Amino acid sequence: MEKGARHRNNPEKNHPGGSQSETSHDTGSGGGGVALKKEIGLVSACGIIVGNIIGSGIFVSPKGVLENAGSVGLALVVWIVTGLITAVGALCYAELGVTIPKSGGDYSYVKDIFGGLAGFLRLWIAVLVIYPTNQAVIALTFSNYVLQPLFPTCFPPESGLRLLAAICLLLLTWVNCSSVRWATRVQDIFTAGKLLALALIIIMGVVQICKGEYYWLEPKNAFEAFQEPNIGLIALAFLQGSFAYGGWNFLNYVTEELVDPYKVANPGEPEDVCGCVPRGGREIRDRGDK
């Protein structure tokens, strides 16, 4: 009887793993034993962010920013301001990602803070309006760049652009549905390609500056307007700049698939005294629960 009482009073011995199973239950995303595979490391996470920011926007938006700003100097100001706004937003999202470690991004945060109805509406607006139009612009831009060398003297046919864009979207959808690992590899490859193209553009710009082609960069000429100043056009310039920086919040949609989200959010931050929970998100969440 004493052995039986001892056995009942010690639940850790009743179940293999004891406290270890409780720990895994507490740290799980849903608490029900089913969770997404944690396959995205720090390099792939950086690739997701950089790959989404350096998309078709950076190759399309500069023209719109310069045309709507009206001068080279004001266009540079627009790029700096939109970059600062993007940096602040990215820092806020990094903190949100470790405070509410759930996949889903905006939907998860709106649902947890404002309730299910607000989260539902946010999700459907994103699914039906925001993301389809964004992906359509990116796919059409990609198809335009691919087909343009085949039609050097005219514009590519609209049907060809749409068909190639649809094939591209279907192929990437299949890759993302098939394997997270393959999706991250494709993301890394395309990110490297876009960085190479961007580096080539920057190098050519530096070469032109070294040749003396910097008239519009001189302070006395930078703000020389080539069209009438218009507050509406300046607002459009800011919109174009924001579109080029878009994608900085995409990593929060796969938070539960990160191997160590606290390391991704704070790569140089030390651990707690216990050596297992970094300072920041979970600490704040536990304090809020109390």
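Reader: Which helix holds Leu-121?

Author: Leu-121 is found in helix H8, residues 116-147. Helices here are DSSP runs of H or I, at least four residues, numbered from the N terminus. This is a predicted model: local features need pLDDT of at least 70, side-chain atom pairs count only at pLDDT 80 or more, and totals for chains, interfaces and linings use all residues. Residues are numbered from 1 along each chain as its sequence is written, and side-chain values use heavy atoms, with hydrogens and water left out.

Reader: Is Leu-121 buried, exposed or partly exposed?

Author: Buried means under 20% relative accessible area, exposed over 50%, partly exposed in between (1.4 Å probe, protein chains only). Leu-121 has 46% relative accessibility, so it counts as partly exposed. In H8, buried residues include Gly-119 and Ala-126.

Reader: Where does H8 bend?

Author: The bend at a residue is the angle between axes fitted to the seven residues ending there and the seven starting there. H8 bends by about 45° at Ala-126.

Reader: How do I read a salt bridge, and how many are there?

Author: Side chains of opposite charge can pair when their charged atoms come close. The rule asks for a side-chain nitrogen of Lys or Arg within 4 Å of a carboxyl oxygen of Asp or Glu. The count comes to two salt bridges. In one, Arg-122 meets Asp-106 at 2.5 Å, N to O. Arg-122 lies in helix H8 and Asp-106 in helix H7, so the pair ties together parts 16 residues apart in sequence. Asp-106 is buried at 8% relative accessible area, while Arg-122 is partly exposed at 22%.

Terms used
Helix = DSSP H or I, 4+ residues; strand = E, 2+ residues; numbered from the N terminus.
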